[in-house]
Amino acid sequence: MRAVITVLGKDMVGILAKVSARCAEAHVNVLEVTQSVLQDLFAMIMMVDISKSTVAFDELADSLKKIGDNMGLKVHVMHEDIFHSMHRI
Amino acid sequence: MINSRDILETINMIDNEHLDVRTITMGISLLDCIDANIQTAAAKVYDKICRYARDLVKTGDDISKEYGIPIINKRIAVSPIAMLAGACNGKSPIYFAYALDKAAEEVGVNFIGGYSALVHKGFSTGDYALISSIPQALAETDFVCSSVNIGSTKAGINMDAVAKMGKVIRETAELTVQRDCIGAAKLVVFCNAPEDNPFMAGAFHGPGEPDCVINVGVSGPGVVRAAVAKAQDCDITEIANIVKKTSFKITRMGQLVAQEASRRLCVPFGIIDLSLAPTPAVGDSVAYILEEMGLESCGAHGTTAALALLNDAVKKGGVMASSHVGGLSGAFIPVSEDAGMIHAARTGALTLNKLEAMTAVCSVGLDMIVIPGDTSADIISGIIADEAAIGMVNSKTTAVRVIPAIGKRAGEELDFGGLLGKGPIMKVNRHSPGKFIGRGGRIPAPLQSLKN
């Protein structure tokens, strides 16, 4: 199963490092990363494979959200199917 | 990889535009709980609901977390209780209301619908007993919702039921006067009631439905408003296109949630209800969509046309996104639950007459409208008859959910709190329809009913 992690907010040092460290710790494999910085607004999108994750989905989502909260960023972790169903016919 | 723009669009819809799944509603047939002993029947009702809906709330919450989509309400709709009450030898069906309330609390849903009767052609024993018990049932329970179908395109309008419901609505408001007359906010009078509607207060599980089913109601007025706002000065054809595209996306999300809920609960998927259901939250308003199209205020001349376009485009966009569409499917216009409608009613831009016209082109009808406390039962019946006539002739669902604000006058307000919102008391035409209502009988089914 794959999930999409999005991080939105003000750009700062160490965002990618912290999010990927948490993923590694939970055996979540990062498949792709795209990021863009428009003026000060930072948007990072990570496609991850969570099939070998050692923690439950909501636990992973909560812990990443907490990392985001500490840095003043919004983090969402969502099943990839939601995007496929909304944007593909 | 999924397009990043699409991902960010979805996130923005959820974070800033109130995108959500409004309700997952489990429909449960209670017809196998019928028993001549009302206590036994009520116990069977409680047991069956608790057994079937035990995991409903948890499953909804799990899906919500995994897909990142807020699922606001988890609810239950049951067979019209009048069908069970008929077997109980004239005993008051109130015990069923207690059983429904207790079961709703036990499984953790926020409303349970189906304290209902279908009397569009006449009353059976159970129907009359149930309707008479509605005021007490809604006063003595917290989660129970009630509905009565008094007319249909096929059957005409049961004017005896219309007269009775005017009295029942008043009595329900009187018995809950200490709680802002909230009882009447949980009572809907329908014409052409759908059997698979997932939205409260009018949800019930029709007799043609399977033993158990999952129906999902989507929402998203905020998303549609934002999409229309981005379009700026395009023509009205383009507005319709934008609404269709947005509705498609919203509905696809609902379809995914419905299929997932159905799979996890091992219950068949019934329908998606393609509705734009507002909430009192600022930005989650159907009225604001109409204003975004170019009206100074909801209620201005042009409102009915704008709403007709909106309602139609929502259906056209949504219908391709779902395998089964049903329920009410259209834009809702509940005054007290829509920040834009509340504002328009306060300023006088939106009147009861305009709302009545709007109900001819949108989903449902006169919904969540607070009327003066001294409005007579006859006048309420007149409102119901007019609304039912619009539904009957146009082969569509219409409904009346008005709340007489006992002890208050036009200009004052009632505040129900939560999703039911708050609303200013709207002026009502005080000329009496008493003699017309008092005649009783049935308005014959219109020519439109003869389609065979």
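Reader: What does E80(A) form with R2(A)?

Author: A salt bridge is a side-chain nitrogen of Lys or Arg within 4 Å of a carboxyl oxygen of Asp or Glu. E80(A) and R2(A) form one, their closest N and O atoms being 3.3 Å apart. The pair links distant parts of the chain, 78 residues apart: E80(A) is in the loop between strand 4 (74–79) and helix 3 (81–87) of chain A, and R2(A) is in strand 1 (residues 2–10) of chain A. Helices (H or I, at least four residues) and strands (E, at least two) are DSSP runs, numbered from the N terminus.

Author: A word on the source: this is a predicted model, in which local features need pLDDT of at least 70 and side-chain atom pairs count only at pLDDT 80 or more, whereas totals for chains, interfaces and linings use all residues. Residues are numbered from 1 along each chain as its sequence is written, chains are lettered from A and ligands numbered from 1 in the order in which they are written, and side-chain values use heavy atoms, with hydrogens and water left out.

Reader: Is E80(A) buried or exposed?

Author: Buried means under 20% relative accessible area, exposed over 50%, and partly exposed in between (1.4 Å probe, protein chains only). E80(A) has 11% and is buried, while R2(A), with 35%, is partly exposed.

Reader: Where do E260(B) and R264(B) lie?

Author: Both lie in helix 9 (residues 236–265) of chain B, 4 residues apart, about one turn of the helix. E260(B) counts as buried at 11% relative accessibility, and R264(B) is partly exposed at 28%. These two residues also belong to a network of salt bridges with E66(B) and R263(B).

Reader: How many aromatic pairs does the structure hold?

Author: Rings of Phe, Tyr and Trp (its six-membered ring) pair if their centres lie within 6.5 Å; planes under 30 degrees apart count as stacked, over 60 as edge-to-face and the rest as tilted. The structure holds 3 such pairs over all chains. The ring centres of Y95(B) and Y98(B) are 6.2 Å apart and the planes stand at 85°, so this pair is edge-to-face. Y95(B) and Y98(B) both lie in helix 5 (residues 94–107) of chain B, 3 residues apart.
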